[in-house]
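Dear colleague,

Here is the structure for your files. My notes on it follow below.

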Amino acid sequence: MNNAITSTALIFPFELLLPVLGILLIRSQSPINSLIYRSFLGSISALIYALVGAPDVALTEVMIGTLLSSLLYIVTIRSCYSIVLIHDKVLSVPDSLKLKLKTLFDELHLKIVYQLSLIIKQMQYLEYITQNL
């Protein structure tokens with residue numbers, strides 16, 4: 001009987017952290033903070049599973065719930081940190097401007113992606129079709 005009370009007393013502080021971390025995760029506006037809260041949430045859940053006597057569930061929670069989801073979240077966050085500059089093929093971006101933009105966005109850890117305008121391509125295609133009709 002004493003062992004059960006001691007076990008419950010050890011787990012109780014960790015159980016109190018779960019709703020707090022859940023609320024922080026939901027209310028967080030920063031993707032980095034959300035990643036940290038999610039990682040802590042999964043780690044504490046795995047600790048509780050291990051203390052209760054479910055090591056297989058704890059291991060699954062650590063491997064899938066914490067590690068894999070955190071890695072996918074990191075890749076997603078990292079891919080969001082890019083700036084897409086749409087330009088015309090005829091009026092391409094000068095190299096001096098590209099260098100200035102690169103130095104500016106490197107300080108912010110942002111990647112620049114130069115993309116041709118699809119609207120201009122579509123307009124040129126429509127002009128081609130109307131001229132040949």
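**Salt bridge and helix packing**

Asp106 and Lys102 form a salt bridge (a side-chain nitrogen of Lys or Arg within 4 Å of a carboxyl oxygen of Asp or Glu), with 2.9 Å between the closest N and O atoms. One salt bridge is found in a search of the whole structure. Both Asp106 and Lys102 belong to helix α4 (residues 95-107), where they are four residues apart, about one turn of the helix. Helices here are DSSP runs of H or I, at least four residues, numbered from the N terminus. Asp106 is partly exposed, at 38% relative accessible area, and Lys102 is partly exposed at 45% (partly exposed lies between buried, under 20%, and exposed, over 50%; 1.4 Å probe, protein chains only).

This is a predicted model, in which local features need pLDDT of at least 70 and side-chain atom pairs count only at pLDDT 80 or more, while totals for chains, interfaces and linings use all residues. Residues are numbered from 1 along each chain as its sequence is written, and side-chain values use heavy atoms, without hydrogens and water.

The protein chain has an average pLDDT (the predictor's confidence in each residue, from 0 to 100) of 81, and 88% of the residues score at least 70. Among its elements, the mean pLDDT is highest in helix α2 (residues 31-52), at 88, and lowest in helix α5 (residues 118-132), at 71.

The axes of α2 and helix α3 (residues 55-80) come within 8 Å and cross at roughly 175° (lines fitted to C-alpha atoms over the stretch in contact; angles from 0 to 180 degrees between N-to-C directions). The two helices, α2 and α3, are therefore roughly antiparallel (angles over 145 degrees).

Regards

How values were computed
Parallel < 35°, antiparallel > 145°, perpendicular 65-115°, else oblique.
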